[in-house]
Amino acid sequence: MTLTTKRAVDQTTARRRIRSPRSPASRLGTLLKYTALVFASLCAIVPIVSIVMLAFKTNEEYRDTGPLDAPGNWFNLENFATAFTQGGMITGFLNTGIILVVSVTGTILIGTMAAYALDRFRFRGRVLVLGLFLLATLVPAVTTQVATFQVISALDLFNTRGAAILLFMGTDIIAIYIFLQFMQSIPVSLDEAAMLDGASRWTIYWRIILPLLKPAIATVVIIKGIAVYNEFYIPFLYMPSRDLGVISTSLFRFTGPFGAQWEVIAAGTLLVIIPTLVAFLFLQRFIYNGLTSGATK
Amino acid sequence: MTTVIRSPKLPARGSRRAGIFGGRMTPWLFLVVPLAFLIVLTYIPVANMFWYSVTSWDGLDPDKEFVGLGNYVEIITRPEIFQVFFVSLYYLVGAIAQLVLALFFATLLSFKTRFRNLFKGIIFFPYLINGVAIGLMFLYFFRPDGTLDAILGSLGVSDTPQWLGDSSVVNSSLAATSVWRYMGLNFVLFLGAIQSVPEEQYEAADIDGANSWHKFRFIILPSIRRILGLSFILAIAGALSAFEMPYIMTGGANGSETFVIQTVDTAFRFAKVGLASAMAVVLLAIVLIITAVQRMIFPDEKADEKAGTV
């Protein structure tokens, strides 16, 4: 048995070796493939690079040099300082930070509690609740803003951070599904053993289930974190006050006062992209996995 | 032995540890907060939306005047409202191009490639960038004498249109920006699906003398059929509800107004909450129909599985 598989493997490697002295056709194919990949990479990078170069230019340079020319001084940080101090970017990062931490934490608690109740209990109305959560995934959020707005103002949350936090926490059904999926792989015997030791349902949830859900929590933190950091319309609609600007809305306001100073707008844009880039470089693997599980489950 | 182990389906028997987490109400105690959020932030708005859609409410007036189907009639009869759906066609074409490109590059990278992770990262990264940052970046990219004009100029093309100012070009520019932004996600999802195919299948194909096209046609394509179908439906829904890129970049000017921009402007700028709600209901209905069609064409094995086990 093993002998035959080994032989099969030998055969494949042998065949590959026979083929590997490259024929002109396959060499052309390889050339085309790398040309396509390099071209795609250029398309992805060029808009970003031109903004990077612009961010280091002075206002005269911006007016006199082309978008593809490098700045004279790569250490000219003046535009970043202007963006930070006059563009409200500090407020933006602060507000985004607060909203991010609170709403991600809330999403995790709400999602895990819902998943725990739905996976570990059999009770009357369970199928109905599950159906309600499922049906809600079909409603595109942007269509209901017209009516959601009235709910938020009725709750007296208009123009507060609470509005964005509440909306981010309350509308994440994908997170519940990720938790539900993962919880099925945690053996029920653990719950039973704890129950025999006298643990209450809350203790089981808090001490056993929640810690074991760590990988799923990491996934949700990443998906949710990216979504909240990038969200534009909810803060734009519900938090119009300048002091409540998040990074998206603060950056959006750049177009007014800095309309003639594209180098400052570029610096602000870059300030928003840098945290994303750093997070991506460090968390690549988790981001890929998180998005894959978030999209297909 | 079996009598000792208490099934979790049964409520705890011992009154010693019953407390508030012992009885039949326990699951509801865990569900009360999630359900409250779900009802207050999803179901109440949807219900209200249907109600507002048959009134002429302005968003402030304490009285809401019932107008029946008047708003719906207005949507159908006033051509400038329904017309904006034509703008969606640009995004639809963009979305299809996006899927084709994503599939192409995912297939390329599924074969042995030097710097695979580097290419993957570069092609994917735009998806992670903040939408406003992308909008501003492309405002600069498309502006007169901006990055695009400079690139074309260096290639000898000097007679370029106003990419965002000309109403015959603006929607193509905006749709292209959307492709730039979202292609990376499709690409990574396709690549993930392709790479989940066991290596032996390719080896077996090698033994059978299959070339790259055969591998694509008979191994790769079937393995991503499901995710491809899902992405296609999401792309259509996304094209119909295109909002962020045009709203940030042009605000809907020069004929780039989409249905969602028109809806939110009707509600929040022109204070016609009734009419806007009717428009939102129309869009919701269209999206639901598309989703239903998707369920019919691609019966979701996973959902069945879920219904069976959860």
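This is a predicted model: local features need pLDDT of at least 70, side-chain atom pairs count only at pLDDT 80 or more; totals for chains, interfaces and linings use all residues.
Residues are numbered from 1 along each chain as its sequence is written, and chains are lettered from A and ligands numbered from 1 in the order in which they are written.

Chain A holds 15 helices and zero strands, where helices (H or I, at least four residues) and strands (E, at least two) are DSSP runs numbered from the N terminus. Because its radius of gyration is 26 Å, well over the 19 Å that the globule rule gives for 297 residues, chain A is more spread out than a compact globule; the radius is taken over C-alpha atoms, and the rule is 2.2 Å times the number of residues to the power 0.38. The C-alpha trace of chain A spans about 75 × 75 × 35 Å along its principal axes.

Chain A and chain B meet in a contact that takes 83 residues from chain A and 76 residues from chain B, two residues being in contact if their C-beta atoms, placed from the backbone, lie within 7 Å. On the side of chain A that touches chain B, helix H15 (residues 262-296) of chain A gives the largest share, 14 residues.

Chain B, for its part, is divided into domain 1 (26-77) and domain 2 (85-257), with bounds that come from an automatic or database domain assignment. The C-alpha centres of these two domains of chain B lie 36 Å apart.
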